[in-house]
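Visitor: Could you show me how to read a few features of a model?
Guide: Gladly; let us look at it together.

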Amino acid sequence: MSRLVVLGAGISGHTAAAFAKRWLGADHEVVVVSPLPHYNWIPSNIWVGVGLMKPKKVIVPLAPVYRRNGIIFKQARALSIHPEGAEGEKNPFVKIEWTEEGKIGTIENVSYDYLINATGPRLKFEATPGLGPDKFTSSVCAEDHAFETSKKVDEMTERMRRGERQRIIVGTGHGTCTCQGAAFEYIVNLEFELRKRGVRDKAEILWLSNEYELGDFGMNGLHLKRGGYITPSKIFTESLFAERGIDWIKRAHVTEIHEDGLHYKTLDGGEGEEGFDFAMLIPPFSGVGLKAFDKAGKDITDKLFMKNGFLKVDANYEAKPFEEWKASDWPRTYQSPVYKNLFAVGIAFAPPHAISKPRKAVDGTPISPTPPRTGMPSATIGKAVARSVVEMIKGESDVPKHHASMAEMGAACVASAGANPFTGTAASMTVFPIIPDFEKYPEYGRDLRYTTGEIGLAGHWIKILLHHMFLYKAKMRPGWFLIPE
Amino acid sequence: MVDDGKKGEGKERGGSAYRERAKDQGVYATKPTRWTRFMRVFFLYQAWRFLVINLKMLRMISKGHG
Ligand SMILES: Cc1cc2nc3c(=O)[nH]c(=O)nc-3n(C[C@H](O)[C@H](O)[C@H](O)COP(=O)(O)OP(=O)(O)OC[C@H]3O[C@@H](n4cnc5c(N)ncnc54)[C@H](O)[C@@H]3O)c2cc1C
């Protein structure tokens with residue numbers, strides 16, 4: 001009997017564990033280690049954050065799901081990977097610290113034959129003084145953050161009902177943030193909700209982001225064929241903001257936040273400050289800080305992980321200028337080059353470089369988005385890696401045979417722009433490939449036949465459908481595996 | 001839609017030159033016509049788009065998993 005250990009029960013880890021167990025059956029063990037008792041369908045946190053959904057609607061308790069499906073669940077945080085074992089312990093193992101009530105703080109070594117790291121991001125609020133829900137800004141990155149944010153929106157609404165004007169800033173809280181898409185969804189949903197509450201005229205709403213142009217979204221933007229033109233996403237995003245009365249400041253790195261305002265600098269060397277009564281700013285991400293040790297107990301973290309804490313996989317990490325980036329730099333199998341039984345999926349793998357062109361302010365401060373890894377590729381990668389590992393466990397292959405390069409796959413994304421079954425809208429987009437491939441598609445890096453987008457009520461219906469479908473899938477209800485990633 | 005009666009307020013309350021510029025940006029942006037806005041939420045047209053977008057996404061999924 002072999003044992004596969006999956007670290008993290010988010011979109012990529014939960015998908016990997018569920019499929020691996022389905023394909024391995026009872027002959028082998030699948031163990032999931034994750035610090036929270038539940039799975040969070042993060043995309044719907046946006047609706048929690050504007051008060052349209054309760055947090056319990058976006059989470060699934062993991063223990064009963066895993067019990068029903070024969071997956072061993074350890075509610076714990078992984079601390080370190082020991083890929084060679086240790087003195088007196090010949091098997092590789094992960095050191096974990098339990099977080100479950102009654103066992104909190106208990107340390108355990110969990111041995112493995114194969115390990116998938118799917119620990120997602122650490123939210124690095126400390127990167128900007130004053131950033132984060134413990135300080136002066138709100139967040140929607142976790143369902144509990146989003147719920148606290150919704151309470152602040154209610155308080156702000158009350159103030160507006162009393163006739164007070166409120167200044168709102170939404171965007172990125174640091175020059176190296178990713179996940180602009182989430183902030184974009186939040187700002188347009190909030191604007192929509194304030195209109196619904198009849199207080200929109202009291203709100204001054206500002207988008208502040210590290211993007212070079214609006215609509216970059218960390219993907220270097222995208223181009224769509226529309227109305228006889230090939231139009232960049234900048235045009236559509238600016239149009240939506242203009243239509244909704246949202247101002248914007250781009251190319252900005254937030255340097256400091258205080259109780260009612262923030263300071264920022266911009267790519268051109270300028271500086272500015274803005275006051276706010278409410279701000280929701282995405283933090284920069286890093287890996288969760290796992291350590292690694294060899295058999296003798298020597299720290300080999302640098303060998304396995306990049307400086308930003310993400311695990312090195314089969315990517316080309318050679319530092320080179322933007323002009324020389326290639327689609328083939330991106331990983332295909334997500335196997336560690338050092339240990340063949342170690343993989344990383346979703347946000348946990350180290351990307352070879354950004355997707356958007358990197359830029360620095362005159363003083364050297366980087367102000368450009370780092371690469372996003374959204375839900376669909378995260379789950380697709382999780383499934384492909386599970387498939388490879390299952391074949392390796394069953395002795396059907398010595399090498400990972402399943403590929404899921406973000407430079408070879410497309411993504412569908414639906415960004416909510418206001419939630420209502422009759423008047424709501426969402427932007428429905430498809431891009432192919434996610435990572436621009438300028439060798440295959442010299443002008444725009446993408447195949448414009450498959451790169452599409454439109455905004456409308458239909459998108460909102462799809463977003464609702466996806467919410468229910470993916471929660472059904474996460475609950476591993478009958479036929480869950482038929483639902484595509 | 002936005003009450004502009006208090007232009008410049010951002011500056012008084014700690015706003016910057018960037019914000020002042022930001023306030024003008026919307027003027028230069030493309031805006032949808034009433035017809036476009038109507039079609040975005042017109043039930044029958046959107047029911048049709050619902051089918052089309054789903055098909056596009058399925059095509060994307062099959063390409064991505066190929
Ligand atoms: C507000 C918001 C909205 C979004 N909306 C969309 C959207 O509409 N569409 C879309 O495609 N994508 C969206 N995304 C992106 C999407 O959520 C991510 O791509 C996806 O969650 C990444 O999956 P993951 O498994 O890598 O990480 P996560 O889903 O973050 O999962 C990481 C898991 O690891 C666990 N973990 C953390 N530390 C440890 C540890 N030390 N040991 C073990 N486990 C650990 C965590 O508890 C969690 O269970 C959104 C993101 C945000 C923040």
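Guide: Helices (H or I, at least four residues) and strands (E, at least two) are DSSP runs, numbered from the N terminus. A:Glu238, for example, sits in helix H6 (residues 233-244) of chain A. This is a predicted model, where local features need pLDDT of at least 70, side-chain atom pairs count only at pLDDT 80 or more, and totals for chains, interfaces and linings use all residues. Residues are numbered from 1 along each chain as its sequence is written, chains are lettered from A and ligands numbered from 1 in the order written, and side-chain values use heavy atoms, leaving out hydrogens and water.

Visitor: Is A:Glu238 buried or exposed?
Guide: Buried means under 20% relative accessible area, exposed over 50%, and partly exposed in between (1.4 Å probe, protein chains only). A:Glu238 has 10%, so A:Glu238 is buried.

Visitor: Which residues does A:Glu238 touch, not counting residues up to four places away in sequence?
Guide: Contact means heavy atoms within 4.5 Å. On that basis A:Glu238 touches A:Glu213, A:Leu214, A:Trp248, A:Lys250 and B:Ala29.

Visitor: Where is A:His28, between which elements?
Guide: A:His28 lies in the loop joining helix H1 (11-24) and strand S2 (29-34) of chain A. With a relative accessible area of 14%, A:His28 is buried. Not counting residues up to four places away in sequence, A:His28 touches A:Met1, A:Ser2, A:Lys21 and A:Ile393.

Visitor: Which residues of H4(A) and H5(A) meet?
Guide: From H4(A), A:Thr149, A:Val153, A:Thr157 and A:Met160 meet A:Tyr186, A:Leu190 and A:Leu194 of H5(A).
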